[in-house]
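Let's walk through this structure together, one step at a time.

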Amino acid sequence: MVQFLTERVVLGVIATLAVLGLFVFLCRTRRVSTSVDEAQLDAIQRLSKAAPELRGGLTEASADQTVKHLVELLKCVAVGLSDASGALLSWDGQANHHYQDLADA
């Protein structure tokens, strides 16, 4: 009887270790294999930073926070955000002389 319990304990420990090993293997971070995958992952991470500001709606305050992330994400000189009526809510970046062109349009 004691030998049977010992064998069961050993098999239980082996099974537990196998399950834990499989869990660690499946949960470890996966390496991104291509530059396209890296770019997509980077874009998703940057957009996730901009999303909380927009949850309450597009306002001047949320646009000011969002354009900072969009300039980094798009890797462009400047970004302007306008509302549905075309009113410019926020501008960030260089090329400020274009700001006036957009404000009137």
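Helices H2 and H3 are roughly antiparallel to each other, a label used for angles over 145 degrees. The axes of H2 (residues 35-54) and H3 come within 8 Å and cross at roughly 175°; here axes are lines fitted to C-alpha atoms, for helices over the stretch in contact, and angles run from 0 to 180 degrees between N-to-C directions. On the H2 side, the contact is made by Ala-43, Arg-46, Leu-47, Lys-49, Ala-50, Glu-53 and Leu-54, and on the H3 side by Ser-62, Gln-65, Thr-66, His-69, Glu-72 and Leu-73. Contact means heavy atoms within 4.5 Å. Sorted by class, this contact of H2 with H3 has 5 nonpolar, 4 polar and 4 charged residues.

What you are looking at is a predicted model, where local features need pLDDT of at least 70, side-chain atom pairs count only at pLDDT 80 or more, and totals for chains, interfaces and linings use all residues. Residues are numbered from 1 along each chain as its sequence is written, and side-chain values use heavy atoms, with hydrogens and water left out.

Now find Thr-66, which lies in helix H3 (residues 60-74). Is Thr-66 buried or exposed? Thr-66 counts as buried because its relative accessibility is 3% (buried means under 20% relative accessible area, exposed over 50%, partly exposed in between, with a 1.4 Å probe and protein chains only). Leaving aside residues up to four places away in sequence, Thr-66 touches Ala-50, Glu-53, Leu-54 and Leu-81. Its side chain also reaches the backbone oxygen of Ser-62 at 2.7 Å.

Next, move to Ser-90 in strand E2 (residues 88-93). With 4% relative accessibility, Ser-90 counts as buried. Which side chain does the side chain of Ser-90 make a polar contact with? The partner is Asp-64, at 2.7 Å. A polar contact is a pair of N or O atoms within 3.5 Å; within protein, one must be able to donate a hydrogen and the other to accept it, and residues adjacent in sequence count only if both atoms are side-chain atoms. Not counting residues up to four places away in sequence, Ser-90 touches Ala-63, Asp-64, Val-67, Val-79, Gly-80 and Leu-81.

Finally, step back to the whole chain. The protein chain has 4 helices and 2 strands, running α-α-α-β-β-α from the N terminus on. Of its 105 residues, 13% count as buried.

Technical notes
Angles under 35 degrees count as roughly parallel, over 145 as roughly antiparallel, 65 to 115 as roughly perpendicular and the rest as oblique. Ala, Val, Leu, Ile, Met, Phe, Trp, Tyr, Cys and Pro count as nonpolar, Asp, Glu, Lys and Arg as charged, and the others, Gly among them, as polar.
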